[in-house]
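Trainee: Could we go through a structure together? I would like to start with a helix and then turn to the side chains.

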Amino acid sequence: ILPDAFMRRCLVRNLSLPEKREELIETLVARGRAHFEDLSDNLLNTAAGKVADDREFAQNNHLRPLPGQAEYIDLLRVIYEQGKTEEEREARLEKVRPYVVAKGFTPVP
């Protein structure tokens, strides 16, 4: 928790994500497209679906932190930088997903 004096000097921006799966995927895809214009709609949607799946898994199993936008952008960055073709990027998505998205799951006390 940050001290009150510090918080008074900050602008706070809530970056909450939609709860409904389709809205979550739509939001993530829009944010991903803003960062990686060269990635296909298929890859953006597939990666967003994986994040939504892992987010649901975490919620259902009382795990935290819930994967969100940062994990989605990290996942896109890896597949963008380490794959030159659509096929390479799809293969990379499956390989790195467990390390990028579900990396921090811990039981909720």
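Trainee: What should the 20 residues of H3 span, and how far apart are its end C-alpha atoms?
Mentor: Please keep in mind that this is a predicted model. At 1.5 Å a residue, H3 should span 28 Å, and its end C-alpha atoms are 28 Å apart, which agrees.

Trainee: Which residues of H3 are buried?
Mentor: Among them are Leu-43, Leu-44, Ala-47, Val-51 and Ala-58. The list also includes Lys-50, Asp-54 and Arg-55.

Trainee: And what do the buried residues of H3 pack against?
Mentor: They pack against H2, strand S1 (63-64), H4 and helix H5 (86-100).

Trainee: Why does Asp-54 count as buried?
Mentor: Asp-54 counts as buried because its relative accessibility is 11%, and buried means under 20%.

Trainee: Which side chain does Asp-54 contact?
Mentor: The side chain of Asp-54 is joined to that of Arg-97 by a polar contact of 2.7 Å.

Trainee: What follows H3?
Mentor: His-62 follows H3, and its phi is positive, near 55 degrees.

Trainee: Changing topic: how many aromatic pairs are there?
Mentor: The count is 1 aromatic pair. Phe-36 and Tyr-80 form it, with 5.4 Å from centre to centre and 50 degrees between the planes, so the pair is tilted, as planes count as stacked under 30 degrees and edge-to-face over 60.

Trainee: Where do the two residues of the pair lie?
Mentor: Phe-36 is in the loop between helix H2 (21-35) and helix H3 (41-60), whereas Tyr-80 is in helix H4 (residues 69-82). They are 44 residues apart, and the pair links distant parts of the chain.

Trainee: Is Phe-36 buried or exposed?
Mentor: Phe-36 counts as buried, at 6% relative accessibility. Tyr-80, at 28%, counts as partly exposed.

Notes:
Residues are numbered from 1 along each chain as its sequence is written. This is a predicted model: local features need pLDDT of at least 70, side-chain atom pairs count only at pLDDT 80 or more; totals for chains, interfaces and linings use all residues. Side-chain values use heavy atoms; hydrogens and water are left out. Rings of Phe, Tyr and Trp (its six-membered ring) pair if their centres lie within 6.5 Å; planes under 30 degrees apart count as stacked, over 60 as edge-to-face and the rest as tilted. Helices (H or I, at least four residues) and strands (E, at least two) are DSSP runs, numbered from the N terminus. Buried means under 20% relative accessible area, exposed over 50%, partly exposed in between (1.4 Å probe, protein chains only). A polar contact is a pair of N or O atoms within 3.5 Å; within protein, one must be able to donate a hydrogen and the other to accept it, and residues adjacent in sequence count only if both atoms are side-chain atoms. The expected span of a helix is 1.5 Å times one less than its number of residues. Contact means heavy atoms within 4.5 Å.
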